[in-house]
Amino acid sequence: MERDQGGRMTGTPSRRPDIVLVLADDLGFSDLGCYGGEIDTPNLDRLGQAGVRFTQFYNSPRCSPSRASLLTGLHPHQVGVGILTGDERPDGYPGDLSAGSVTAAEALRAAGYRTYLSGKWHVAADMSAPNGAWPTRRGFDRFYGTIDGAGSYYQPVTLTRDERDIEHEANEPGFFYTDAISDNAVRFIEDTPAGDPFFLYLAYTAPHWPLHAPEEDVARYRGRFDAGWDRLRADRLRRLRDEGILDPAWDLTGRDPRVPAWDEVADQEWEARRMEVYAAQVTRMDRGVGRILDTLERLGRLDDTLLLFLGDNGGCAEELGDDRPGFIPQHPTMPRRTRAGAPMRYGNSPGILPGPEDTFASYGRNWANLSNTPFREYKHWVHEGGIATPLIVHWPAGIGSPGRLCAAPRQLVDVLPTLLDAASVTAGPPLEGSSMLDLLHGRETAERTLFWEHEGNAGVRRGRWKLVRKHGRAWELYDMAADRTELRDLAAGEPGVVAGLAAAYDEWAARCGVIPRERILDAYRRTGRPMPLDA
């Protein structure tokens, strides 16, 4: 590893890099401090300021599909995970990563990497017993975490070490799932022989519901959100512009019409508490990232570590449960009692202050609208609020220009090619994405066409144009150079652009095995369950 006369890294790493891929769960585009948020994230801010921040990177609009795409470099439909896996998966998509795909762990382990996963898996249809879709059967040498997609931070379901159920370990004093994910990640790094490269997939469940956080973490945010979502959205917009992440020409979307003006909210203290706990979840995760950085630095591995941080979809507007007293949910991720035997309190109502173990709540549409500032829509949809994510890339020995912003539009299928390129590993089957290393070095690359589909919500982006629709509705067309917040639909005036992009989408959907929404709805009807967030 060398430096030029100005003291900057030359971009020539001394060995194959260690790779740390950090994924947050249900994080909004503007929640992090270095992306305009008022949440304390000093460790992620440090990475953003010393690395490269992408301003137009995209995920898929739901957790299982995003993880499938991230791990394989393919679109989720191509690997059998077009919607959620597990009990919520109707007929159509298998819900397991297809045997013909190659995961990041499989490719890197074959090249001599130690491979570790600490955190959430959620790409296996059968979560009850070890099978070919579990992480230890898809390339990971060691695994600590949950097979399922959500649950209590105090007593998570499907908690597993390698292939052994360890749910009982949550009964140990002081257990908190976010910390346990960080603890085990540190242990994996420390156990790696000095001469061996490693790949760590660090998949936090934070800040996915339920709103669980230690009270001392929540207390630091008391009063932070009292100004309400209207004022805070405007403040975030200003900071995003000041950071250079948003073009000043892009206007702030209006408050979601289903969200009341803050001045009209009767239970402001309770509403602010919801966001305080959410923020505490994010900060706890950031503290865990800090522990990873400290460990890498102490072991002399930080400079040669390629670290990426991103989220799996936009902020989540899902409301949990019901406001009726005594409501008991039927979902298996929701425990009936605390570890001490106290009854649980479910749902979002002013009588339940979230945070403690005996609560199970979410922050809902009101605050998700803030998390996704300046965009509209949420997790599930492919308007910008559902698919825009922060992406921070930090690699002192491998990339220069610290603190640079990258505005090139890219998406999840581009992550695996980038990791393999950095590790000088040749991919096996063809991948849908391409390496971003040239972008990370500030070099221009060829324009890409990006595609999305989830539950019938669909989109395609090529250059300045984005074609997008909600299920069952007409295509909308936006000029992303002039209007990335999707406020001015130009479809009526640009029929040729609409036709061309719609044809490209249809060809992609047919090639990738997208199942029409109507078939998925029929399967849900047969199971007796409604389509999640069917709106």
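The accessible surface of the protein comes to about 18,900 Å², and 48% of that area belongs to carbon and sulfur atoms; areas come from the Shrake-Rupley method with a 1.4 Å probe, and for residues only the protein chains shown count as cover. The model is a predicted one, in which local features need pLDDT of at least 70 and side-chain atom pairs count only at pLDDT 80 or more, while totals for chains, interfaces and linings use all residues. Residues are numbered from 1 along each chain as its sequence is written, and side-chain values use heavy atoms, with hydrogens and water left out.

**Overall form**

- The protein has 13 helices and 17 strands, where helices (H or I, at least four residues) and strands (E, at least two) are DSSP runs numbered from the N terminus.
- The radius of gyration is 22 Å, close to the 24 Å given by the globule rule for 535 residues, so the protein is as compact as a globular protein of that length. This radius is taken over C-alpha atoms, and the globule rule is 2.2 Å times the number of residues to the power 0.38.
- Along the principal axes, the C-alpha atoms fill a box of roughly 65 × 60 × 45 Å.
- Of the 535 residues, 62% count as buried; buried means under 20% relative accessible area, exposed over 50%, and partly exposed in between (1.4 Å probe, protein chains only).
- Among contacts with a separation of 6 or more, 73% are between residues 24 or more positions apart, a contact being heavy atoms within 4.5 Å.

**The sheet β14 to β17**

- Four strands form an open, antiparallel sheet in the order β14-β15-β16-β17. Its edge strands, β14 (449–454) and β17 (476–479), each pair on one side only, and the twist averages 15 degrees from one strand to the next.
- Strand β16 (residues 465–469) pairs with β17 in the antiparallel sense over four bridges; two strands pair if DSSP finds at least two bridges between them. K466 stands opposite Y478 in β17.
- Helix α12 (residues 495–512) lies across β14, β15 (457–462), β16 and β17, and runs at about 65 degrees to β14. Axes are lines fitted to C-alpha atoms, for helices over the stretch in contact, and angles run from 0 to 180 degrees between N-to-C directions.

**Salt bridges**

- Side chains of opposite charge can pair when their charged atoms come close. A salt bridge is a side-chain nitrogen of Lys or Arg within 4 Å of a carboxyl oxygen of Asp or Glu, and by this rule the count comes to 48.
- D141 and R109 meet in a salt bridge at 3.0 Å, N to O. D141 lies in the loop between β3 (114–120) and β4 (142–146) and R109 in helix α3 (residues 104–110), so the pair ties together parts 32 residues apart in sequence. D141 is partly exposed at 32% relative accessibility, and R109 is partly exposed at 37%.
- D183 and R291 form a salt bridge at 2.4 Å, N to O. D183 belongs to helix α4 (residues 177–191) and R291 to helix α7 (residues 268–298), so the pair ties together parts 108 residues apart in sequence. D183 is partly exposed at 29%, as is R291 at 35%.
- K379 forms a salt bridge with E318, the closest N and O atoms being 3.8 Å apart. K379 lies in the loop between α8 (364–371) and α9 (384–387) and E318 in the loop between β8 (305–311) and β9 (345–346), 61 residues apart. Both K379 and E318 are buried.
- A network of salt bridges links D25, R67, K120 and D312.
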